[in-house]
Amino acid sequence: MSSESSLTFDEDAFVGGLSDPSSAHYVHRRSVLDLVNKLHSYGLQQQLDLPQIAVVGSQSVGKSSLIESISGITLPRAKGTCTRCPIECRLSRSTSSWSCEVYLRVARQVAEIPFGSVITTKADVEDRIRRAQFAILNPSRPASDFLGDLGRRDNEAKNEVSFSNDLISVRISGREVDDLSFVDLPGIIASVRDGGKEADIEQVRNLVMNFIKKPSCLILLVVSCETDIENQGARRLAKQVDRSGKRTIPVLTKPDRIAIGEHSNWLRLLSNEQERFKHGWYCVKQSDQQQLDIGISWNDARQNEIDFFTGTEPWSTLDESIKSRLGTQYLTGALGDILFKLICQRLPELLNEVESKVRRINEDLGDLPTKPSGDPVSIIWKMKAAFEKDVKQLIEGIPEAGITGMIQTFRREKDQFREAIFRQAPDFRPYNKTNPLPQKKGKDGSSGNPTTAKVAQTVDEDLLEPSGPRAPNTTVYLDEVLTIARNAVTREMPHNYPYAVKKHYVSRFTKSWPNPAHKLFEDMEHHFQKELRTLVSRHFSTFSPGGLFDAVWRTVLDQLKNRKERTLQKMQECIALEHEEPATINEHYLADYKRKFHARYKAARQIHINHSSDLQKLVNGEYQNDEIMHSALDSLRKMGLNDVKKDDLLRLIPPDTADDAIEIMSEVRAYYQVAFKRFIDYIPMIIDFELLKGFDRTLDDALFKGLALGEDQLRQRCSAFLKEDPGLVRRRELLYQDLERFESALYDLQNIPAVDGESDNDSQDAEDAPMADTGVHNTAVERPQSQGFPKAFTPSPAPSASFSPPSGSFYFGPVKK
């Protein structure tokens, strides 16, 4: 390599891209870069897609050396201290002397953790980073422990984890420092050494992917020239997330290790002819191990790099457009420009996203219960009254609840209860079981049996038979009734049968009534308890476990148990009355129903004997609007017989030997109809009055006793009741922390210094400079942007052989074919 070169390292040109810190563009650019750094410091990178540069490479490709050449610091290189967690480097130029601060950013803590005092000597940075990495890899220990003896280099204690997603933030400022930020990621592992963990391969891969998969992450892909590019795993990962190459900035390292005769392959990459990327390829040359061992200075290393590219073939003979991408100084300037441009594009979207986050957090806070404040006794009384009011409304019924409301559900369950009892009604058949009448199916598929067929009803007529299927074992035939009646006769007169026969049938068909009744009660009690649980949770769940919620719920359950016992007692009394013996004072209804059923059974009997289809039609109501019926009724009216109905006509059927059995059937069925109607009213009324309304009537006293509101030390007890649930407290704290961070971000985004007019360094000539076609589509961002958003810089002309590195810009010159 030649020791002299026409191109010398210019520190002012290398840093910041803009040599005049007082210029408006410099201030503007610094404010934009500082803004994104602030957003990272707020810990928003997990919730927002923040622009950043991620340095990615396989192990031993020179990634650490590249980081050192850009940042001017030395990273830990001893065995076991390679990069094992993300290391963020924030470089900012200042008028002050060089300084460095180290922070830890861990997932379990919102705020960043300062790690040690300010460093003023570059040589101390390596040890501080090494200690910080120990702290990250041993999360169970306080980080400060590793600033002492625990962080010594000779400490051979085994780390708790091999790699970590937690981050070290290194912040460097000084007059010779560039304005740039990036994050160095652990190198991609191809295989583990002896004693290593196979799981580390996948962990590192996932760690890297979590960074580079974000659309606003620029991928600084480090590729070593001493290894076949196809074998470098980091390149494959970059292609997975950035197939078009718009976000990837590839950089070649170790160009001095290229074997003789193989330069052409790498030069095709550098000229962007092969493996094309939007931002093109760059190449850097770092110090070798011998130079590192003797402690070469950063300035000397940069000068050696310039000498290598300007004095070594084939690099020194390349086209000027390619030379503009050789060396760390060019790469750093390009990275600053590309990152700045990306930030400019993202800022309007970030502002909208942060505004949306602030609104959503405020909404979430508004949804949380208000923290109790004021006199605790008064608060408890008010909460108790509010709860009792909601319980009363629940029991009275909430129309807005719709079909799922508790009282609406109770109404449906009562209808089901009524049908269950009705289906247990006796199905008397006025003919012998051994000789039933063959029946044809009706058009609706129902049986032609006159006592079971669906009979048309007039508007003033009760439904005498269930519309749906009967309960099992409800059918009773004529011969069975006659057999039981005759076997029961003792001293009765002819054609008289004991009362016990009718009582037997009444008892038989009412003995199953408790089952639907208890089902109705259990369903209602279950639904009521569920609704009460919801109300108790709504009013009291924000308080700590074992406190107010538990006290109220325990009281509610005790009171519900008391009302349940009282309700079941009343229901059992009602059921016992029905099972005691048949009784009613509704003689008119009983007689009316008996008359109707008697007429129907006689008609069914005649149909069975005479096979009369006309009589069958009369029973089924098919003559209701027929001309024959109108003619018959008209003739009867002419004879002075008015208001004659269908059942009156059925009574004209002459008697036969089965009349005694039909008499029993009619009276039993009529009594069932009367008893059924009162039972389906009483049971729901008992449940409503004793369970639901009874709970409401007694709730106030129950809560007064359950919460001990009349006992000593009431104020202390109420204060203890009002202690909030720790989970809610934590939730509120996290939301307020998020709100503070996002409001700070929103303020910063809304107060970016704008650039007024044309900058000193932004001439019209530079703006109009043509961009040669390199196959890389690179367009400048429009100059002015509204709302104070930054404007990106345009590329500068290509440098000549004696040209100093470009100020904060990069250029793609023509590609030589």
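Leu167, Ser169, Arg171 and Ser173 point one way from strand E5. Ile168, Val170, Ile172 and Gly174 point the other way. Both sets are buried. This is a predicted model.

E5 runs over residues 167-174 and is mostly covered. Eight of its eight residues are buried.

## The partners of E5

Strand E2, residues 87-93, pairs with E5 in the parallel sense. Seven bridges join E2 and E5. At one of these positions, Leu91 has Ile172 of E5 as its bridge partner. Ile172 points to the side of E5 that Ile168, Val170 and Gly174 also take.

Strand E3, residues 99-105, pairs with E5 too, but in the antiparallel sense. Seven bridges link E3 and E5. Here Val102 stands opposite Val170 of E5. Val170, like Ile172, is one of the buried residues of the strand.

## Glu226 in a loop

Glu226 lies between strand E7 (217-224) and helix H6 (233-241), in the loop that separates them. Its relative accessibility is 39%, so Glu226 counts as partly exposed: the partly exposed class runs between the buried limit of 20% and the exposed limit of 50%.

What does Glu226 contact beyond its neighbours within four places in sequence? The contacts are Ser60, Lys254 and Arg257. With Arg257 there is also a polar contact: the two side chains are joined at 3.0 Å. Leu252 is 26 residues from Glu226 in sequence. In space, the two are 9.8 Å apart, C-alpha to C-alpha.

## Arg669 in helix H22

Arg669 belongs to helix H22, which spans residues 659-706. Is Arg669 buried or exposed? Its relative accessible area is 0%, so Arg669 is buried.

Several residues beyond four places in sequence are in contact with Arg669. Among them are Phe422, Phe428, Phe597 and Tyr601. The list also includes Ala425, Pro426, Leu464 and Glu465.

## Cysteines without disulfides

How many disulfides does a search of the whole structure find? The search finds zero. Cys225 is accordingly in no disulfide. The nearest cysteine sulfur to that of Cys225 belongs to Cys283, 5.3 Å away.

Key:
Residues are numbered from 1 along each chain as its sequence is written. This is a predicted model: local features need pLDDT of at least 70, side-chain atom pairs count only at pLDDT 80 or more; totals for chains, interfaces and linings use all residues. Side-chain values use heavy atoms; hydrogens and water are left out. Buried means under 20% relative accessible area, exposed over 50%, partly exposed in between (1.4 Å probe, protein chains only). Helices (H or I, at least four residues) and strands (E, at least two) are DSSP runs, numbered from the N terminus. Two strands pair if DSSP finds at least two bridges between them. Contact means heavy atoms within 4.5 Å. A polar contact is a pair of N or O atoms within 3.5 Å; within protein, one must be able to donate a hydrogen and the other to accept it, and residues adjacent in sequence count only if both atoms are side-chain atoms. A disulfide is a pair of cysteine sulfur atoms within 2.5 Å.
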